[in-house]
Amino acid sequence: MEYLKWSYEDFVATIKIDRPPANALSSGLIQELSSVLDEIKPNEKIRVILIHGEGRFFSAGADIKEFTSVQSEDDFSNLGTNGQNLFDRMENFPKPIIAAIHGAALGGGLELAMACHFRLVTENAKLGLPELQLGIIPGFAGTQRLPRYVGVARAAEMMFTSDPITGKEAVQYGLANHAYTDDELLEKAYDMAKKIGKKSPIAIGAAIELLNYSKTKEFYTGVKREAELFGQVFITEDAKEGISAFIEKREPKFTGK
Ligand SMILES: C/C=C/C(=O)SCCNC(=O)CCNC(=O)[C@H](O)C(C)(C)COP(=O)(O)OP(=O)(O)OC[C@H]1O[C@@H](n2cnc3c(N)ncnc32)[C@H](O)[C@@H]1OP(=O)(O)O
């Protein structure tokens, strides 16, 4: 494993995202996460998964630098579908997955966290979907999951302004369950994971399946349309401008083309 470090103890697997400087979710990292889930699924010594990030952030999202090597609408759309599929698998995974978020969970980083069964945060963490700042749209099912947690109006504000909310606000809005100090986060998250690990894995698996019944057919129609538009928006001049502006560390100038 190049980008993930993981181990398990007390029925809890801890997966650390370790891809400096921002734990950006490259296609290689997404592939590794999928392989880790393959290993964890049959392992009876693992009943709960805790995901967190090494360094300053949980994850700053999909790897914007990798975007510059993607050429076509279809390739970009497929990149979105890959992430959507992994995150759907996580949400339906038979073992609970908890995200412990410090620093920032932005774009794909928040989409990853939203696919976990719940989120614990630090008070000052930044959570947001800033893709519109890049002239693109969220593409790992964030357009469908964020409104389920915070409501359509708040999701609209977060996406349209690209402004993140704090960990404290995330708890108020229902996006995260609890906010802790930086020092407390991992210990509290691990304690909670251990507590869940003492439950019957059969009952927990059944509870996860039942919780996911609230996901409607519209969700899957929505993520399919998200993948199409993710590709269509990516081939615009505005997307080239937004991504270049990020890499060149300047404000983008969008023209509507
Ligand atoms: C389907 C999904 C789509 C997406 O997820 S699109 C991506 C959405 N995410 C974002 O737009 C977030 C972009 N990043 C930021 O806004 C900022 O960064 C932070 C708030 C996370 C941190 O800001 P600061 O503390 O000022 O650090 P820094 O100098 O901007 O970043 C440190 C290094 O990390 C690289 N980096 C940050 N985010 C990404 C990313 N998402 N993809 C690739 N690289 C990233 C930077 O470029 C830089 O690198 P260097 O030190 O070489 O200049």
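**A tour of the charged side chains**

The model is predicted. Along the principal axes, the C-alpha atoms fill a box of roughly 55 × 35 × 35 Å. The radius of gyration is 18 Å, which agrees with the value near 18 Å for a compact globule of 257 residues. Buried residues make up 51% of the chain.

Next, turn to the salt bridges; a search of the whole structure finds twelve. Select Asp18 and Lys5, whose side chains meet in one of them at 3.3 Å, N to O. This pair links distant parts of the chain, 13 residues apart: Lys5 is in strand E1 (residues 4-9), and Asp18 is in the loop between strand E2 (12-17) and helix H1 (27-40). Asp18 is buried, at 19% relative accessible area, whereas Lys5 is partly exposed, at 40%.

Now select Arg89 and Asp38, which form a salt bridge at 2.8 Å, N to O. Arg89 lies in helix H3 (residues 73-91) and Asp38 in helix H1, 51 residues apart. Both are partly exposed: Arg89 has a relative accessible area of 26% and Asp38 one of 46%.

Move to Glu241 and Arg250, where the closest N and O atoms of the salt bridge are 2.8 Å apart. Glu241 is buried, at 19%; Arg250 is partly exposed, at 36%.

Finish on the surface with Lys194, Lys195, Lys198 and Lys199, which gather in a patch of positive charge. Lys194 sits in helix H8 (residues 185-197) and is partly exposed, with a relative accessible area of 31%.

Methods. Residues are numbered from 1 along each chain as its sequence is written. This is a predicted model: local features need pLDDT of at least 70, side-chain atom pairs count only at pLDDT 80 or more; totals for chains, interfaces and linings use all residues. Side-chain values use heavy atoms; hydrogens and water are left out. Patches are made of residues with over 30% relative accessible area and no salt bridge: like charges are joined within 9 Å, nonpolar side chains (Val, Leu, Ile, Met, Phe, Trp, Tyr) within 5 Å. Accessible areas come from the Shrake-Rupley method with a 1.4 Å probe; for residues, only the protein chains shown count as cover. A salt bridge is a side-chain nitrogen of Lys or Arg within 4 Å of a carboxyl oxygen of Asp or Glu. Lys and Arg count as positive and Asp and Glu as negative; His and the chain ends are not counted. The place of a charge is taken as NZ of Lys, CZ of Arg, CG of Asp or CD of Glu. Helices (H or I, at least four residues) and strands (E, at least two) are DSSP runs, numbered from the N terminus. Buried means under 20% relative accessible area, exposed over 50%, partly exposed in between (1.4 Å probe, protein chains only). The radius of gyration is taken over C-alpha atoms; the globule rule is 2.2 Å times the number of residues to the power 0.38.
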